[in-house]
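This report describes a predicted model. It turns to a loop residue and its backbone neighbourhood, then to helix packing and the nonpolar cores.

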Amino acid sequence: MDLKLGKEHEAFREEVIEFLKGWPLSGEETKLPQVEQDQIFRNQAIEKGYVYRDIPTKYGGSEQPHDVIKDTIIQDEFRKVGAPGNIFSIGAAMVAPTLLECAREELCDRFVESAIRGEVNWCQGYSEPNAGSDLASLQTRAELDGDEWVINGQKAWTSMAAEADYMFGLFRTEPDAPKHKGISYLLIDMKAPGITIRPVKQINGGLEFNEVFFDNVRTPVGMMVSERGKGWQVSRATLKHERNLIGDPNMLRNTYLALVELAKKTIRNGRPAIQDPRVRDRLAEIEGYVTTQEYSGLRQLSAAAKGEELKVMLPMMMNKLYSTDTAMMLTRLSQDIIGGDGLIAPNDAETAMAREVQHTPGRWVYEYTAAIAHSIAGGASNIQRNIIGERALGLPRDLRLE
């Protein structure tokens, strides 16, 4: 594998580096709240064609020609200096690309730009009490009444529902159709009458997940993405973007580096934990998994740059599974390093993942419990193994009771 860039892309990297000398902002702008400073710089990056490159300009993006090498250079250089690039929110990372891929122009006009700019918050209405890993068995109904859908039922494990302005979700509109074919993909105003949100207290003390109840909730017929009964196909597009977000190798590397710092700072038996041979052995093993994930990403990047995506279909499907499995190994070691301090519940700053508390025991308790959740989010690991076996390796389908 040749990891060197050509002259054109090296020149582009220098161009990006020069632009990033403008971050952090200076002068009077530094007196603004950080979120406003971030948005000012992000707008400058959009104008230069560095941010939201695949989003049309009419929706607030850069609308640049597709170039995976340039995309990677931008991500790398922005990350090095901590500059605010794309907003990796549910709206920007999942809703916007799904709408651009599957929705009518009216919905894109209404929602894409506000999603990528973080002006509208979204939540995902997929799972139900009896439809988790077998999502297609969901029972929340949407029945057509004139020019509105009337929704009744319940969603479970809905992240950030209490803060969301809108939900995108799956609802059964064809009760007599086979379960995968009777589902539609709807957008719902979370302030609509008939919606009740109940937070679910998590093991780490957080309230990120919620139950959402629908009692004759109405949403216009125009809030359907794609066609009636085609929601399952749309949901696969959204899950693709969600799994790519969870399987980001850069996030894994950053967490690993933070773990090494924890091992250096934690004193065990009168010496830093990193001097314990058992800790060093486990760190070395995890380093191997993290590096493998990174090089697999480079292999996928190389193939994509050559237009050979099919050659790396299997590694791409394994990204999310491999990443969450490695995160579990990594955070489990953090609990062994902090020992009894792992019984301390995280405080608000630690659950908010503030930088000043990234090496505290409570922060690592939060990281550990979050790693468990990530192995379920975007499709449970065992379900993902079935998908890989059946769709990528051609193995016989698992036995299913219909």
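Arg53 counts as buried because its relative accessibility is 10%, under the 20% that marks the limit for buried residues. The place of Arg53 is in the loop between helix 2 and helix 3, and, with residues up to four places away in sequence not counted, Arg53 touches Ser62, Glu63, Gln64, Pro65, Asp67, Lys70, Asp71 and Ile74.

Tyr52 lies in the loop between helix 2 and helix 3 and, at 5% relative accessibility, counts as buried. Most residues other than glycine have a negative phi, and most peptide bonds are trans. Against that background, the phi of Tyr52 is positive, near 50°, and Met160, also not a glycine, has a positive phi of about 60°. Met160 counts as partly exposed at 34% relative accessibility, and its place is in the loop between strand 3 (148-155) and strand 4. The peptide bond from Trp23 to Pro24 is cis, with omega near 0°, and Pro24 is placed in the loop between helix 1 and helix 2.

| Residue | Relative accessibility | Class |
|---|---|---|
| Arg53 | 10% | buried |
| Tyr52 | 5% | buried |
| Met160 | 34% | partly exposed |

Helix packing comes next. The axes of helix 1 (residues 7-19) and helix 3 (residues 68-81) come within 10 Å and cross at roughly 35°, and this crossing is right-handed. In the contact, Glu8, His9, Phe12, Arg13, Val16, Ile17 and Phe19 of helix 1 meet Ile69, Lys70, Ile73, Ile74, Glu77, Phe78 and Lys80 of helix 3; these residues divide into eight nonpolar, one polar and five charged.

The largest nonpolar core has 51 residues, and those with the most contacts inside it are Tyr50, Phe78, Leu99, Trp122 and Leu187. At least two residues of this core come from each of several elements, including helix 1, helix 3, helix 4 (90-102), strand 4 (166-172) and strand 5 (183-189). Leu99, with residues up to four places away in sequence left aside, touches Leu107, Cys108, Phe111, Val112, Leu187 and Val225. Another core, of 22 residues, lies apart from the largest one and has Leu252, Leu259, Ile274 and Ile338 among its members.

Helix 11 (residues 361-374) has 14 residues and reaches 20 Å from its first C-alpha to its last, close to the 20 Å expected at 1.5 Å a residue. Its buried residues include Arg363, Trp364, Tyr366 and Glu367.

Methods
Residues are numbered from 1 along each chain as its sequence is written. This is a predicted model: local features need pLDDT of at least 70, side-chain atom pairs count only at pLDDT 80 or more; totals for chains, interfaces and linings use all residues. Side-chain values use heavy atoms; hydrogens and water are left out. Axes are lines fitted to C-alpha atoms, for helices over the stretch in contact, and angles run from 0 to 180 degrees between N-to-C directions. Helices (H or I, at least four residues) and strands (E, at least two) are DSSP runs, numbered from the N terminus. A crossing is left-handed if the near helix is turned anticlockwise from the far one by less than a right angle, and right-handed if clockwise. Contact means heavy atoms within 4.5 Å. Ala, Val, Leu, Ile, Met, Phe, Trp, Tyr, Cys and Pro count as nonpolar, Asp, Glu, Lys and Arg as charged, and the others, Gly among them, as polar. The expected span of a helix is 1.5 Å times one less than its number of residues. Buried means under 20% relative accessible area, exposed over 50%, partly exposed in between (1.4 Å probe, protein chains only). A nonpolar core is a set of buried Ala, Val, Leu, Ile, Met, Phe, Trp, Tyr and Cys residues joined through side-chain atoms within 4.5 Å.
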